[in-house]
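Have a look at the model first, then read on.

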Amino acid sequence: MFSRRLWKLCFCLCVALISSEVTAQIAREEPPKVAQDIGVDQKLGDVVPLDLSFNDENNNFVKLRKFFSGTKPVLLSFNYSDCPKLCSIQLQNLAMALQDIRLVPGKDFELVIVSIDPLEQSFRALELKQTYLALYGKLDSADGWHVLTGKFDSIQQLTNACGYRYKYVSEQKIYSHKAAFIFCSPDGTIARYLDGLDGDLRFKLDKALIEAGEGKVGSLLDRVLYFSGCYVFDEHQGRYTVAVMNIMRMGGAFTVLTLAIWLIPSWVRMRKHAKSTQLAQSDMTLDSDSVVGS
């Protein structure tokens, strides 16, 4: 009886594990070539290199530390003016979300957009700033908007420090990249990442800026989801999505754990019951032998 039940449980366990891996394999798709080797590797707690040199939208030479005053958080974004679509969607999303929060660029935080195109000219950076500042609507916050251009080395060092991987696609003459917002504390510590295409950005922006201003590095939930790999930047959509394969693997592990928690006590009880039955049968045998002997 026990042996049959054990085999059934083992069979169910094997089916659960195989099903989770098959589903994960189906969910895994090879991204198109243009989307390969790009992504965002979260580097929470790391400090961005503040001595890097750039030019602002007015072509003034500046150090990155100019925007890290020690009192206000910094919202960092990587874009470029000739981006065919993604950057405009991301920055429109930001401008619309800023309309719905009480924090204001310049007053409560600094907004720093860094071009990933080393050939970007300052006048194009100024045009980009004016476009999205106008969409935001609060023109008196212009001092809090900064669009930086720089040489390849400075751009590369900053993107590497932020875990932001992008590449130039020579065939299409575009940069392939992700849409992400990076929140830094006033001293330059990376505190949080948000999906640049998130439709609920307006509900998350306020909190992310406040926590970055307080020097808080992510939340407990963010850390659990990030380190478990449940949420990743999707290569096709350019946004954070549920990693089906990792969820399935976690589901399989949970199934194993659940079955083990149920199976081990049952196995112990069955062993005890078998042992007690064996002892009882032994006692009965001894009693019958005593009766025969008498």
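## The sheet

Let's start with a strand pair: in this predicted model, strand 4 (residues 74–79) runs parallel to strand 5 (residues 110–115), and six bridges link the two. Within that pairing, F78 sits opposite V114 of strand 5.

Zooming out, the pair belongs to an open sheet of five strands, ordered 6-5-4-10-11, and the pairing is mixed. Which strands stand at the edges? Those are strand 6 (145–148) and strand 11 (190–195); each has a single partner strand, so one side of each has no neighbour in the sheet. From one strand to the next, the twist averages 20°.

## Helices on the sheet

Helix 2 packs on this sheet and touches strand 4, strand 5, strand 6 and strand 10 (180–184). Its direction makes about 155° with that of strand 4.

## Where the two helices meet

Two packed helices are described by the angle and the distance between their axes. For helix 2 (residues 86–99) and helix 5 (residues 201–213), the axes come within 9 Å and cross at roughly 70°. That angle falls in the 65 to 115 degree range, so helix 2 and helix 5 count as roughly perpendicular to each other.

As for who touches whom, helix 2 brings N93, L94, A97 and L98, while helix 5 brings L201, R202 and L205. By type, the residues of this contact split into five nonpolar, one polar and one charged.

Note on methods
Residues numbered from 1 in each chain as written. Predicted model: local features only at pLDDT ≥ 70, side-chain atom pairs only at ≥ 80, totals over all residues. Heavy atoms only, no water. Axes fitted to C-alpha atoms, helices over the stretch in contact; angles between N-to-C directions. Helix = DSSP H or I, 4+ residues; strand = E, 2+ residues; numbered from the N terminus. Parallel < 35°, antiparallel > 145°, perpendicular 65-115°, else oblique. Contact = heavy atoms within 4.5 Å. Nonpolar A, V, L, I, M, F, W, Y, C, P; charged D, E, K, R; others polar. Pairing = 2+ DSSP bridges.
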